[in-house]
Amino acid sequence: MRLHRNLTFAVIDSIRDIFNEGVYADKAVEKALKRDKRWGARDRKFVAETIYDIVRWNRLYAEIAEVKVPYDRDNIWRLFSVWCILRGIALPDWNQIGDVPERRIKGRFAELSKTRKFRESIPDWMDELCASELGEDVWTKEIAALNEQAKVILRTNTLNISREILQKKLRTENVITEIVPNHPDALVLPERANVFRTEAFHNGFFEVQDASSQLVAAYCDVKPGMKVVDTCAGAGGKTLHLSALMENKGQIIAMDIYESKLRKLKVRAKRNKAHNIELRVIDSTKPIKKLHGKADRVLIDAPCSGLGVIRRNPDSKWKLQPEFIDNIKKVQQDVLQQYSKMVKPGGKMVYATCSILPSENQNQVNTFLTSEAGKDFTFVKDKKVLAHKSGFDGFYMALLEKKEI
Ligand SMILES: C[S@@+](CC[C@H](N)C(=O)[O-])C[C@H]1O[C@@H](n2cnc3c(N)ncnc32)[C@H](O)[C@@H]1O
């Protein structure tokens with residue numbers, strides 16, 4: 001592979017923005033890809049994948065290159081040189097690239113690879129926390145899987161099209177997909193492609209959504225005509241799926257504390273032709289109290305550490321802090337306590353996260369079930385999805401039922 005100067009500079013600038021300015025990796029990639037409209041698919045792929053690679057393997061590369069955040073420009077070139085050597089890419093003869101001790105880099109890599117926290121490039125605290133909650137063996141396999149590149153998965157919007165016809169339509173737009181077994185609406189792309197540019201996307205025929213995430217709405221056991229509250233709807237990945245499962249019939253009340261997220265949901269709902277969704281911002285306890293005892297189904301897709309979706313957000317390894325996880329666990333229990341009151345007798349509730357930590361998942365459900373607010377609920381089932389077993393994101397979902405009066 002021959003390196004191109006302007007593509008490499010886009011990578012270097014993005015790494016600086018991510019590590020020195022705290023910019024999210026996806027935003028940095030988005031900005032980098034706008035630098036030059038003439039770049040073709042291969043160029044864009046190089047820029048995006050190299051940025052994600054250096055972010056994903058940051059701790060390992062920084063140890064090898066002997067550099068520390070905040071990085072000066074020379075530091076970032078050294079990280080980039082480590083990336084090239086370990087990928088077997090010939091270094092160009094540019095003056096930004098100084099003397100690169102190739103043998104020493106390979107030697108350090110072999111040495112550091114013996115220790116999980118370096119090999120998998122994770123902070124000490126995260127390695128200790130996850131190993132203590134999941135066990136050494138499971139965590140070793142899980143973090144290796146979470147460091148793989150995320151696949152592009154689509155969810156067919158069955159309001160508008162079937163999976164088989166979607167597959168054919170996408171083929172006419174040069175997007176090849178494969179069926180994902182055991183996920184009735186899912187298609188996977190064996191080769192990455194910018195699916196957002198397709199006509200099929202603009203026609204509302206699919207959304208991009210990981211296969212594990214597609215299990216959550218299905219877990220809610222919704223039927224057309226029901227009253228469903230999606231309490232942490234965000235930009236609505238699961239709301240849209242609920243709407244499709246309900247065949248656009250009945251009522252979905254999509255709530256979030258951020259109006260900005262619900263505005264995005266509104267745009268997506270229009271594209272999806274999902275007409276049974278109402279948006280409500282949670283700006284006080286009032287919108288919740290109004291729905292006490294009213295919902296057939298309540299979905300709590302709770303805010304969480306996101307430790308199950310590191311593949312998609314590798315920079316969360318560096319942005320996440322243990323204090324954040326401690327705080328988010330309090331929010332998780334609080335939303336369970338408060339939002340469960342919206343379930344009507346005989347109704348059901350799903351609690352879900354994209355975390356793999358039992359302390360955010362089954363332990364939260366158990367705490368809820370033994371509390372005053374949980375005494376009227378019974379545990380029906382739960383599902384713990386691990387990336388190394390499923391091949392998809394790490395997720396958790398539990399189904400609870402409220403007793404009839
Ligand atoms: C895991 S994300 C939701 C993802 C979304 N359901 C989807 O499928 O695209 C969690 C959401 O909870 C919201 N949130 C955080 N605290 C909340 C609270 N106390 N009540 C309701 N929503 C909250 C966040 O703004 C975020 O959008």
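Two strands are taken to pair if DSSP finds at least two bridges between them. Strands (E, at least two residues) and helices (H or I, at least four residues) are DSSP runs, numbered from the N terminus. The model is predicted: local features need pLDDT of at least 70, side-chain atom pairs count only at pLDDT 80 or more, and totals for chains, interfaces and linings use all residues. Residues are numbered from 1 along each chain as its sequence is written.

In β3, Leu-189 is the bridge partner of Val-152. Strand β1 (residues 152–156) pairs with β3 (residues 186–189) in the antiparallel sense over 4 bridges. β1 is also joined by 3 bridges to β4 (residues 206–208), again running antiparallel; here Glu-207 of β4 is the bridge partner of Arg-155. Of the 5 residues of β1, 4 are buried, so this strand is largely enclosed by the rest of the structure. A residue counts as buried if 20 or more other C-beta atoms, placed from the backbone, lie within 10 Å of its own.

An open sheet of 7 strands has the order β7-β6-β5-β8-β9-β11-β10, with mixed pairing. Its edge strands, β7 (277–281) and β10 (377–385), each pair on one side only. The twist averages 15° from one strand to the next. Within this sheet, β5 (residues 227–230) and β8 (residues 295–301) run parallel and are joined by 3 bridges, with Asp-230 opposite Leu-299 of β8. Helix α14 (residues 259–272) lies across β6 (251–256) and β7, at about 170° to β7. Angles run from 0 to 180 degrees between N-to-C directions, with axes fitted as lines to C-alpha atoms, for helices over the stretch in contact; contact requires C-beta atoms, placed from the backbone, within 7 Å.

The ligand is surrounded by 17 residues, the closest being Cys-232, Gly-234, Gly-237, Lys-238 and Asp-301. Helices α13 (237–245) and α17 (322–339) each supply at least two residues of the shell. By class, the shell has 9 nonpolar, 4 polar and 4 charged residues, where Ala, Val, Leu, Ile, Met, Phe, Trp, Tyr, Cys and Pro count as nonpolar, Asp, Glu, Lys and Arg as charged, and the others, Gly among them, as polar.

Overall, the protein has 19 helices and 11 strands. Of its 405 residues, 42% count as buried. The C-alpha trace spans about 75 × 50 × 40 Å along its principal axes.

Definitions and conventions. A residue is buried if 20 or more other C-beta atoms lie within 10 Å of its own, exposed if 12 or fewer, and partly exposed in between; C-beta atoms are placed from the backbone. A residue is near a molecule or strand if its C-beta atom, placed from the backbone, lies within 6 Å of it. Two residues are in contact if their C-beta atoms, placed from the backbone, lie within 7 Å.
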